[in-house]
Amino acid sequence: RAKERGAGTVEVYAAHMHEKVISRLELQIHLREALDAGDFYLEYQPIVDLGSSQVTTVEALVRWGHEGRTVPPEDFLGAAEESGLIVPLGEWILREACQKVAVWRVSDWDIGLSVNLSAKQVLSERFVSTVEGVLADTGLPAEVLTLEVDEELLLDNGEEAVARLSELRALGVQLAIDDYGMGYASLAHLRELSVDAIKIDPSFIADLGRDDTVTLLTHTIIQLGRDLGVQVVAEGIERPEQLEQLRAMGCDHGQGFLVARPMAASGVEALVGGEVGVDL
Ligand code: C2E
Ligand code: MG
Ligand code: MG
Ligand code: MG
């Protein structure tokens, strides 16, 4: 990754643009302009109940529409974090997604929403009141919203992160640990925080049935979830065998290209009240 090489240029971003290597600072300026111009948009990826194959939740995923192309989040979120733009951008994402899902729910569709948070956003001063305000403004019931945080947030920020997430949970929203599995330390936090869901890291799902250790670990995480009363979502399901194994292991929920790809809001609207649109 360009960031890790510390070259001061943004090669990943450049690769998606016109082979132009631009500076981190230029990228930050572009991002600020994009937010003002309304050039960010959201896609939604369905999460299904593996038992019934019904869509229970959609995860909002941000994209940047830039000069006729789509820039994926990993190419700009780092810069947005560094400049602090992630705070207003994150608020826009939350508001936009909550508004959409609130409307979808009006037509009697019991759909939930999952939104990713970045560390800087969670640790920003006014974040809890922002969430409270967005829920009030959009009318989305708090319990319908799941906030996803990476386990590093807990590992790197300890007590402060736990305190902030507890405040969020007190609003009635649900908390999920995203990309779970790499850091065992957060196991302790799971209890402390009374997390509602864990999302198993896609690298585990990729090796499911191919690597004995990974298969055992996945089974253990699912079991742990059951024992703690925490929902388990498997991410990155691409092959039918993975789906079969996860079902056999008693995994609650699944997400991945085999189930459904991230889609525009109009794509989700086509699912309202209907079947998931995939044969699982
Ligand atoms: P994530 O939260 O773990 O989101 C899942 C990512 O995996 C998405 O990539 C999704 O498109 C991708 N994915 C889903 N199923 C499959 C599959 O079967 N195979 C493969 N190869 N990939 C799959 P995306 O949209 O590029 O997002 C990447 C990451 O960027 C997200 O990972 C999340 O950490 C971050 N992100 C995305 N949207 C937001 C946002 O609105 N706010 C924040 N703070 N972070 C976001
Ligand atoms: Mg996520
Ligand atoms: Mg995430
Ligand atoms: Mg994930």
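Are Glu148 and Asp178 buried or exposed? Glu148 is buried, and Asp178 is buried too; buried stands for a relative accessible area under 20%, exposed for over 50% and partly exposed for anything in between, with a 1.4 Å probe and protein chains only. The model is predicted, so local features need pLDDT of at least 70 and side-chain atom pairs count only at pLDDT 80 or more, while totals for chains, interfaces and linings use all residues. Residues are numbered from 1 along each chain as its sequence is written, chains are lettered from A and ligands numbered from 1 in the order in which they are written, and side-chain values use heavy atoms, with hydrogens and water left out.

**Figure 1. The protein chain as a whole.** The secondary structure comes to 13 helices and nine strands, taken as DSSP runs numbered from the N terminus (helices H or I, at least four residues; strands E, at least two). Of the 280 residues, 48% count as buried. Among contacts with a separation of 6 or more, 64% join residues 24 or more positions apart; a contact means heavy atoms within 4.5 Å.

**Figure 2. The site of the magnesium ion (ligand 2).** Glu59 (OE), Asn116 (OD1), Glu148 (OE) and Asp178 (OD) coordinate this ion at 2.0 to 2.3 Å. Donors are N, O and S atoms within 2.8 Å of the metal (3.2 Å for Na, K and Ca); water is not among the atoms, so sites may look incomplete. Along the chain the donors of ligand 2 follow the spacing E-x56-N-x31-E-x29-D. Glu148 lies in strand β5 (residues 145-150) and Asp178 in strand β6, so this pair ties together parts that are 30 residues apart in sequence.

**Figure 3. The site of the magnesium ion (ligand 3).** The protein donors here are Asn116 (OD1) and Asp178 (OD), lying 2.2 to 2.8 Å from the ion. Strand β4 (residues 112-116) holds Asn116 and strand β6 (residues 174-180) holds Asp178, so the pair ties together parts that are 62 residues apart in sequence. Asn116 bridges the magnesium ion (ligand 2) and the magnesium ion (ligand 3), which lie 3.4 Å apart. Asn116 is partly exposed, at 29% relative accessibility, whereas Asp178 is buried, with a relative accessible area of 5%.

Figure 4. Asp179 has a relative accessible area of 24% and is partly exposed.

**Figure 5. The second largest pocket.** The volume of this pocket is about 330 Å³. A pocket is found on a 1 Å grid over the protein atoms alone, as an open set of points where a 1.4 Å probe fits, with protein on both sides within 12 Å along at least five of seven lines; lining residues have an atom within 4 Å of a point. Grid points are joined across faces, edges and corners, and the volume is the space filled by probe spheres set on the points. The lining has 19 residues, of which Thr56, Thr57, Thr146, Gln174 and Gln231 lie nearest the centre. Elements giving two or more residues to the lining are β2 (55-66), β4, β5, β6, β7 (197-200) and β8 (231-235). The lining divides into six nonpolar, eight polar and five charged residues; Ala, Val, Leu, Ile, Met, Phe, Trp, Tyr, Cys and Pro count as nonpolar, Asp, Glu, Lys and Arg as charged, and the others, Gly among them, as polar.

Figure 6. Beyond its neighbours within four places in sequence, Leu145 is in contact with residues including Leu94, Cys98, Leu113 and Val173. Leu94 lies in helix α5 and is buried, with a relative accessible area of 1%. Not counting residues up to four places away in sequence, Leu94 touches Val115, Val131, Val134, Leu145 and Leu147.

**Figure 7. The surroundings of Arg239.** Arg239 sits in the loop between β8 and α12 (240-248). At 18% relative accessibility, Arg239 counts as buried. Apart from neighbours within four places in sequence, Arg239 is in contact with Ile205, Ala206, Leu208, Arg210 and Leu258.
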